[in-house]
Amino acid sequence: MPYYKSSTRASVWAESVQLTLSVDKRVVTAGDKVTFSGKITGVSLPTTIYIQAYVYGSWVDQWGPIATDSLGNFKYTATMPHGWGCQDLQFRARHMTTNAVSNVVRVAVAYKTRITLNVPEKVTVGQPFTVTGKLEYERSPGVWSPLPNRQVTIKLDASPTTVTTKSDGSFSAQLVVNTPGSHTIEASY
């Protein structure tokens, strides 16, 4: 018995997954908060994503799962760990189901620093006097450590002098005031 040829036709909609990521700050200090936000399209919504960090040579799921809204938007606020200080880090978003990844965003994480400055209450015009201080960074919350071999600028009424910190973070400089009156001394790193 012969069979007559047949055919059928159907439509399918193809859409590629698009995932974007942005960050509200490009430079922060360790312990500060950063807000990541983004959008995903081309998948059933709502869905979930992870924010990944590039650490030790590979991408690692750092935060998540993070739920999107019904339009694919998501937002997540993270605290930059102290262990990430002095690094320029890369982050991206990853969709859990399709493994689609977003663009890469960078965040530079710096350690907080502080300077102490010791100056005499009174000095004599034309006579050298010594100012001392110390430069430190916050290695972990509430723990301050010396910052050696760094340039500190000491200004006496806007005239700069540059000194280098010692292994214990300390520094000193000899200054001279040439006019009577009140003078401002500041140190900066």
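Start by selecting asparagine 149: leaving out residues up to four places away in sequence, this residue touches Thr164, Thr165 and Lys166, where contact means heavy atoms within 4.5 Å. Before going on, note that this is a predicted model, in which local features need pLDDT of at least 70 and side-chain atom pairs count only at pLDDT 80 or more, while totals for chains, interfaces and linings use all residues. Residues are numbered from 1 along each chain as its sequence is written, and side-chain values use heavy atoms, with hydrogens and water left out.

**Stop 1: around asparagine 149**

Asparagine 149 sits in the loop between β11 (143-146) and β12 (151-156). Strands here are DSSP runs (E, at least two residues), helices are runs of H or I with at least four, and both are numbered from the N terminus. Is asparagine 149 buried or exposed? Its relative accessible area is 59%, so it is exposed; the cut-offs are under 20% for buried and over 50% for exposed, with partly exposed in between (1.4 Å probe, protein chains only).

**Stop 2: zoom out**

Show the whole chain as a cartoon. You'll find 15 strands and zero helices. The radius of gyration is 29 Å, well over the 16 Å that the globule rule gives for 189 residues, so the chain is more spread out than a compact globule. That radius is taken over C-alpha atoms, and the rule is 2.2 Å times the number of residues to the power 0.38. Along its principal axes, the C-alpha trace spans about 120 × 30 × 25 Å. Buried residues make up 31% of the 189. Of the contacts with a separation of 6 or more, 56% are between residues 24 or more positions apart.

**Stop 3: the largest core**

Next, select Phe36, Trp63, Met80, Trp84, Phe91, Val107 and Val109. These touch the most other members of the largest nonpolar core, which has 25 residues. A nonpolar core is a set of buried Ala, Val, Leu, Ile, Met, Phe, Trp, Tyr and Cys residues joined through side-chain atoms within 4.5 Å. Two or more core residues come from each of β1 (18-23), β3 (33-41), β4 (48-55), β5 (58-67), β6 (73-79), β7 (87-95) and β8 (105-110). Which strand gives the largest share? That is β4, with four residues.

Stay with valine 107 for a moment. Beyond its neighbours within four places in sequence, valine 107 is in contact with Val23, Lys25, Arg26, Val28, Val34, Met80, Gln87, Asp88, Leu89 and Phe91. Apart from this core lies another, of 13 residues, including Val152, Ile154, Phe171 and Val177.

**Stop 4**

Go to proline 46, in the loop between β3 and β4. The peptide bond from leucine 45 to proline 46 is cis, with omega near -5 degrees. With a relative accessible area of 8%, threonine 68 is buried, and its contacts beyond four places in sequence are Ile40, Leu45, Pro46, Thr47, Asn73 and Phe74.

There's another cis bond, from glycine 64 to proline 65, with omega near 5 degrees. Proline 65 is in strand β5.

Now try tyrosine 56, in the loop between β4 and β5. Although not a glycine, tyrosine 56 has a positive phi of about 50 degrees, and at 89% relative accessibility it counts as exposed. Cysteine 86, in the loop between β6 and β7, also has a positive phi, near 60 degrees. At 64% relative accessibility, cysteine 86 counts as exposed.

**Stop 5**

Select phenylalanine 129, in strand β10 (residues 129-140). It is buried, with a relative accessible area of 9%. Which residues does phenylalanine 129 contact, leaving aside neighbours within four places in sequence? They are Pro120, Val123, Ala173, Gln174, Leu175, Val176, Val177 and Ile185. Glutamine 174 is 45 residues away along the chain, yet the two C-alpha atoms are separated by 5.5 Å.

Finish by selecting Glu121, Val123, Val177, Gly181 and His183: of the 14 residues lining the largest pocket, these lie nearest its centre. The lining divides into eight nonpolar, four polar and two charged residues.

How values were computed. On a 1 Å grid over the protein atoms alone, a cavity is a set of points where a 1.4 Å probe fits but cannot get out, and a pocket is an open set with protein on both sides within 12 Å along at least five of seven lines; lining residues have an atom within 4 Å of a point. Ala, Val, Leu, Ile, Met, Phe, Trp, Tyr, Cys and Pro count as nonpolar, Asp, Glu, Lys and Arg as charged, and the others, Gly among them, as polar.
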